[in-house]
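Please follow this account with the sequence and the coordinates side by side.

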Amino acid sequence: MTVKVLNKSGNPLPEYATALSAGMDVRADIDAPVVLGPLHRAIVPTGLYLEIPAGFEVQVRPRSGLAAKKGVTVLNSPGTIDADYRGELKVILVNISDEPFTVEPGERIAQIVLARHEQIEWEEAASLSDSQRGEGGFGSTGTK
């Protein structure tokens with residue numbers, strides 16, 4: 001799938017790390033380091049502008065290594081970049097550790113995944129069909 005991109009950063013374009021990778025890392029496009037204190041958040045620019053095809057979205061997700069090693073994650077995960085958005089791709093990072101974390105210029109801060117989606121066409125109904133689960137919600141299917 002071809003996606004048009006403007007790269008206004010000094011960083012290389014995102015790329016897949018392996019032949020079967022689903023996501024590509026995006027980098028911080030900042031002039032100076034940004035310190036995220038414990039439980040603080042920041043919107044970090046990437047310098048990337050996308051033209052996503054209709055019927056697709058780009059999902060912004062945490063990098064597992066950054067989350068596991070440093071306690072830094074994407075706050076609204078997964079974030080959605082809609083096909084009609086033409087602004088800069090920015091990442092809301094949050095530090096959920098008890099140590100300050102410094103985001104360095106060019107650092108890999110999140111990953112993006114291109115995903116196909118459908119739009120809902122509502123059909124109002126007086127009732128819904130029965131199912132095995134019914135109205136069982138949080139934790140209702142057990143812990144096995």
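Asp25 is partly exposed in this predicted model, its relative accessible area being 23%. That value is not under 20%, so Asp25 does not count as buried. The side chain of Asp25 meets that of Arg63 in a salt bridge, with 3.3 Å from N to O. Because Asp25 belongs to strand S2 while Arg63 lies in the loop between S5 and helix H1 (64–70), this pair ties together parts that are 38 residues apart in sequence. Arg63 itself counts as buried, at 16% relative accessibility.

Asp25 also forms a salt bridge with Arg108, where the closest N and O atoms are 2.8 Å apart. Arg108 lies in strand S10 and Asp25 in strand S2, so here the parts tied together are 83 residues apart in sequence. Arg108 is partly exposed, with a relative accessible area of 35%. The structure holds 2 salt bridges, and Asp25, Arg63 and Arg108 are linked in a network of such bridges.

S2 and S10 belong to an open sheet of 4 strands, ordered S2-S10-S5-S7 with antiparallel pairing. S2 and strand S7 (79–81) stand at its edges with a single partner strand each, so one side of each has no neighbour in the sheet. Neighbouring strands of this sheet are turned by 35° against each other on average, direction ignored. Between S5 and S7, which run antiparallel, there are 3 bridges; Val60 has Gly79 as its bridge partner in S7.

A further open sheet of 4 strands has the order S1-S4-S8-S6, with antiparallel pairing. Its edges are formed by S1 and S6; each has a single partner strand, so one side of each is left without a neighbour in the sheet. The twist from one strand to the next averages 40°. The pairings can be followed across the sheet in order. S1 and S4 run antiparallel and are joined by 4 bridges, with Leu48 in S4 as the bridge partner of Asn7. S4 is in turn joined to S8 by 6 bridges, again antiparallel, and Ile43 has Ile92 as its partner in S8. S8 pairs with S6 in the antiparallel sense over 3 bridges, where Val72 is partnered by Asn95 of S8.

How many of the 8 residues of S8 are buried? The number is 6, so S8 is largely enclosed by the rest of the structure.

In soluble globular proteins, nonpolar side chains tend to be buried together. Here the largest nonpolar core has 26 residues, and those with the most contacts inside it are Val60, Leu89, Val91, Leu93, Val103 and Ile109. The largest share, 4 residues, comes from S4.

Lys8 lies in the loop between strand S1 (4–7) and S2. Its relative accessible area is 58%, over the 50% limit, so Lys8 is exposed. Beyond its neighbours within four places in sequence, Lys8 is in contact with Asp29, Gly47 and Tyr49. Lys8 and Asp29 are 21 residues apart in sequence, and their C-alpha atoms are 8.7 Å apart in space.

Asn11 is also found in the loop between S1 and S2. Asn11 is buried, however, with a relative accessible area of 17%. Its contacts, leaving aside neighbours within four places in sequence, are Arg27, Ala28, Asp29 and Gly106.

Leu75 is found in the loop between S6 and S7. At 45% relative accessibility, Leu75 counts as partly exposed. With neighbours within four places in sequence again left aside, Leu75 is in contact with Arg41, Ile92 and Val94.

How values were computed: Residues are numbered from 1 along each chain as its sequence is written. This is a predicted model: local features need pLDDT of at least 70, side-chain atom pairs count only at pLDDT 80 or more; totals for chains, interfaces and linings use all residues. Side-chain values use heavy atoms; hydrogens and water are left out. A nonpolar core is a set of buried Ala, Val, Leu, Ile, Met, Phe, Trp, Tyr and Cys residues joined through side-chain atoms within 4.5 Å. Buried means under 20% relative accessible area, exposed over 50%, partly exposed in between (1.4 Å probe, protein chains only). Helices (H or I, at least four residues) and strands (E, at least two) are DSSP runs, numbered from the N terminus. Two strands pair if DSSP finds at least two bridges between them. Axes are lines fitted to C-alpha atoms, for helices over the stretch in contact, and angles run from 0 to 180 degrees between N-to-C directions. Contact means heavy atoms within 4.5 Å. A salt bridge is a side-chain nitrogen of Lys or Arg within 4 Å of a carboxyl oxygen of Asp or Glu.
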